[in-house]
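Colleague: Please take me through this structure one feature at a time, giving the general idea before the particular case.

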Amino acid sequence: MNNKAEIFQKYLDDKKIEKVFAVEEVKDDEWETVLFRSRIDIHGNFLPTVIVFDKTIYGIVRVQIAPQALSKDNELAVLRFASEQNRKYKAFKYYFDENGALMLDVCIVGRETDELGDLVYAMLDVIIQHLTDTYKSIMQSVWS
């Protein structure tokens with residue numbers, strides 16, 4: 001397990017945060033990537049969420065907003081939506097994965113310090129608040 005993942009795991013242990021994350025170490029990965037998988041509840045919709053730590057200075061909080069969100073019928077609306085969100089919110093990056101799922105990433109840049117866990121949880125709070133406020137409009141653009 002890489003140092004950032006160890007620090008985050010220690011944070012979870014110290015705070016007694018249990019049964020929230022499934023931890024997966026990526027095998028044979030030169031970057032020693034570790035995934036902390038979970039989900040967040042937005043209006044009763046449980047969105048797959050993963051926190052990714054590797055040996056780089058970066059970490060990522062990634063949320064799958066909607067699987068198979070990109071289609072021929074809604075392409076213009078959802079691409080416009082993603083572009084607007086990327087311009088409006090500095091911390092977020094909306095994009096579509098190779099399967100057309102709408103994704104939201106937040107990059108965490110920093111050193112390997114004890115504050116890492118607090119930073120991750122602060123970003124999760126920001127994401128949850130943002131999605132609580134915008135999820136319905138997001139899905140309207142997907143369904144358009």
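Colleague: How many nonpolar, polar and charged residues does the lining of the largest pocket have?

Modeller: Six residues of that lining are nonpolar, three are polar and two are charged, where Ala, Val, Leu, Ile, Met, Phe, Trp, Tyr, Cys and Pro count as nonpolar, Asp, Glu, Lys and Arg as charged, and the others, Gly among them, as polar. Before we go further, note that this is a predicted model, in which local features need pLDDT of at least 70 and side-chain atom pairs count only at pLDDT 80 or more, while totals for chains, interfaces and linings use all residues. Residues are numbered from 1 along each chain as its sequence is written, and side-chain values use heavy atoms, with hydrogens and water left out.

Colleague: What is the idea behind a pocket, and which residues line the largest pocket here?

Modeller: Rolling a probe the size of a water molecule over the atoms shows where empty space is left. A pocket is an open set of points on a 1 Å grid over the protein atoms alone, where a 1.4 Å probe fits and protein lies on both sides within 12 Å along at least five of seven lines, and its lining residues have an atom within 4 Å of a point. The largest pocket in this model has a volume of about 160 Å³, and its lining consists of Leu35, Arg37, Ser38, Pro48, Thr49, Val50, Val52, Arg62, Val63, Gln64 and Met103. Strands E2, E3 and E4 each contribute at least two lining residues, with E3 giving the largest share, four residues; helices (H or I, at least four residues) and strands (E, at least two) are DSSP runs numbered from the N terminus.

Colleague: How do I read the pairing of those strands, and how many bridges join E3 to E4?

Modeller: Two strands pair if DSSP finds at least two bridges between them. E3 and E4 run antiparallel and are joined by five bridges, with Phe53 opposite Gly59 in E4, and a hairpin links E3 to E4 through four residues. E2 and E3 also pair in the antiparallel sense, over nine bridges; here Arg39 stands opposite Pro48 and Val34 stands opposite Phe53. On E2 there is a further antiparallel pairing, with strand E1 (residues 22-25), over four bridges, in which Val23 has Phe36 as its bridge partner.

Colleague: Which residue of the hairpin of E2 and E3 takes a positive phi?

Modeller: In that hairpin, which has two residues between the strands, His43 takes a positive phi near 55 degrees, although His43 is not a glycine. His43 is partly exposed, with a relative accessible area of 44%, on a scale where buried means under 20%, exposed over 50% and partly exposed in between (1.4 Å probe, protein chains only). Gln68 is another residue other than glycine with a positive phi, near 45 degrees; Gln68 sits in the loop between E4 and H2 and counts as exposed at 68% relative accessibility.

Colleague: Is Asn74 buried or exposed?

Modeller: Asn74 counts as buried, because its relative accessibility is 3%, and it lies in the loop between E4 and H2. Setting aside neighbours within four places in sequence, Asn74 is in contact (heavy atoms within 4.5 Å) with Ala69, Ser141, Val142 and Ser144.

Colleague: What should I look for in the largest nonpolar core, and which members touch the most others?

Modeller: In soluble globular proteins, nonpolar side chains tend to be buried together. A nonpolar core is a set of buried Ala, Val, Leu, Ile, Met, Phe, Trp, Tyr and Cys residues joined through side-chain atoms within 4.5 Å. The largest core here has 38 residues, of which Phe8, Phe36, Ile51, Tyr94, Leu102, Ile127 and Leu131 touch the most other members. Among the elements that each supply at least two core residues are helix H1 (3-14), strand E2 (34-42), helix H2 (75-88) and helix H3 (116-143), and H3 gives the most, ten residues.

Colleague: What is Phe8 in contact with?

Modeller: Beyond its neighbours within four places in sequence, Phe8 is in contact with Phe21, Phe36, Ile51, Phe53, Gly117, Val120 and Tyr121. Glu6, by comparison, lies in helix H1 and counts as partly exposed at 40% relative accessibility. Glu6 and Glu32 are 26 residues apart in sequence and 11 Å apart in space, C-alpha to C-alpha.

Definitions and conventions
Grid points are joined across faces, edges and corners, and a volume is the space filled by probe spheres set on the points.
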